Amino acid sequence: MRSGFRGAGAVASATALVVVVAGAWFGYRQLARPGCSGQVELTVAAAPEIAPVVQAAAGQWEAEGAAAGGTCITVQVSAQDPVEVAAAVAGKHGVTLPGVGQASGTAITPDVWVPDSSTWLLRIRNSGATAFAPDNGGSIARSPVVVAMPEPVAARLGWPQQKLTWVDLVRQMSTDTKLRTGIVEPTRDAAGLAGLLALTTAAGAGGGDSQQAKTAALRALATGRSALRQDLLARFPRSTDPAAIAAGLGAAALSEEDVIAYNRSKPPVPLAALYLDPAPLPLDYPYAVLPGIEPAKASAAEVLFGALTAPAFRDRLAGEALRGPDGVGGAGFETPTGAPAGGLAPPQGNGGRAAGGPDPSAVEAAVSGWSIATQSGRMLCVIDVSGSMKQPVPTAGNANRAQVTVAAALRGMELVDDSWAVGLWTFSTEMVGRRDYRELLPIGPLSTQRSQLKAALGTIRPTPDGDTGLYDTVLAAYRTVQDDWEPGRVNSLVLFTDGKNEDADGISQRELLTELTRIADPERPVQVVIIGIGGDVSRAELEAITKVTGGGVFVTEDPNKIGEIFLRAVALRPNVPR
């Protein structure tokens, strides 16, 4: 949660109670005020740290006669954790965000949403919510993402005189075994995601094997991750004793607001805010008018945005340790020691764009990589070796489709750790007698068969005259994953194909779907992910399968893109029974 060390649950509950009482009072006053041709109630869900100032500004606006086109306006502001609203909004559009899951039911779907970061809006769109197109989206506040360190730890690195970079931090993480790093779950926290983007970009820029360096950085962070922000903050040292400082958390990506709020509580060991180069994506607090609201509310939302971008609002933000949207603090803003003297520059690199917001592909890759590297799974990988897989891929130096697929699988295997269990099949038609598939490696722990898996992938070659025995293979593979289903993991079938079912002697689509429906067990779900390659794939044919089993279909005309698609596919995390 974004309310930091101040007690997220208490702050949110207290704020919500004040909002309800205040909203009821303002609503009564507006109804009683003459001169209104009608009344509109605008609901606003805001990140907990900015909700009090949004409420104060809305209250003043109402007191001064809030209206739009002769219609009186009342505003209901509630403090809502961005991840909860994101889950609710995504669910309303029929999608689920990786690492977030289903909505808990505690969050509302408002007319206007002010999350802490535009990355939430981006992730909802990236997950397939094509109808999700909020209006406005202009920033109303800003808080840079920094690396928070106990001041004694930061001083050893030259703070505040020495300017450090993310590459310096990566080097420190790999050489200083006493530096304990942490992060709030990046799939559920915008500051954590910004820090993850910055760190993995720096790790990949250090030369050598960039993928290996990124994976090492992910796993180093994963050992110190926390599900909730207040839990992470509680791990910083609470005593000036050197042993306590050495044993406590030494570095974590947080917002500047978090550091200021933490230090306001006068802890025994204050935190330093390190502004590393290049600047990561800041928290930018977008004002998103959600699609589908009635025109009168849309007009009201536009007028409210004006109140939240007026000069006086900047000074209100300063009281909550937030800057204006241009990065300049209002009257009374407590600039942390070590902050850039010339002000904050626009974010560059690290998955950010100086203008135009976060890079969608960088955000998606970071979320997928994190999900794969930090969670355990059990997977059967099934690769099409029909004759069409011999087709060359111009964007991959004319390597054929099978070679590109194998390369993508090898890169994916580098991300998963030894807690995973993976098996490998190939399929075409009549691979073993009349059977359409061949087992190259049974599902087993990578701790004992990683080298065998790499060797087996290296043997894959297309069958010159083979067709695509899709339906028989899917059913057999599904049963195989289901037979030894393991609780506490995602049990999945990931299948690559470049064509439609072409096995006239096999089962029909109707028979496949009927049997999958019969054997599917919601207590032991098997997620089916199908990656379609090239223009001969029938998305409808593949989606008919995943509608029964759960999972997803990913289709690309350019086979050279299946590497990134494979990571997205493996990162899908359904609700797993325990």
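Me: What is the relative accessible area of Arg171?

Reply: Arg171 has a relative accessible area of 46% and is thus partly exposed. Here, buried means under 20% relative accessible area, exposed means over 50%, and partly exposed lies in between (1.4 Å probe, protein chains only).

Me: Before we go on, what is the basis of these values?

Reply: The model is predicted, so local features need pLDDT of at least 70 and side-chain atom pairs count only at pLDDT 80 or more, while totals for chains, interfaces and linings use all residues. Residues are numbered from 1 along each chain as its sequence is written, and side-chain values use heavy atoms, with hydrogens and water left out.

Me: Which residue forms a salt bridge with Arg171?

Reply: Asp168 does, with the closest N and O atoms 3.0 Å apart. A salt bridge is a side-chain nitrogen of Lys or Arg within 4 Å of a carboxyl oxygen of Asp or Glu. Helices (H or I, at least four residues) and strands (E, at least two) are DSSP runs, numbered from the N terminus. Asp168 is partly exposed, at 25% relative accessibility.

Me: How many salt bridges are there in the whole structure?

Reply: The search finds 18 salt bridges. One network of them links Asp189, Arg229 and Asp258.

Me: And which residue does Arg378 meet in a salt bridge?

Reply: Arg378 meets Glu486, at 3.9 Å from N to O. This pair links distant parts of the chain, 108 residues apart: Arg378 is in strand β12 (residues 377-384), and Glu486 is in the loop between α17 (470-483) and β17 (490-497). Arg378 is buried, at 3% relative accessibility, whereas Glu486 is partly exposed, at 30%.

Me: What about Arg450? Which side chain does it meet?

Reply: The side chain of Arg450 forms a salt bridge with that of Asp418 (2.9 Å, N to O). Arg450 is in helix α16 (residues 446-458) and Asp418 in the loop between α15 (401-415) and β15 (421-432), so the pair ties together parts that are 32 residues apart in sequence.

Me: New topic: the backbone. Where is there a cis peptide bond?

Reply: The bond from Trp159 to Pro160 is cis, with omega near 0°. Another cis peptide bond joins Asp277 and Pro278, with omega of about -10°.

Me: Ala321 is not a glycine; what is its phi?

Reply: Ala321 has a positive phi of about 65°. Ala321 is buried, with a relative accessible area of 1%.
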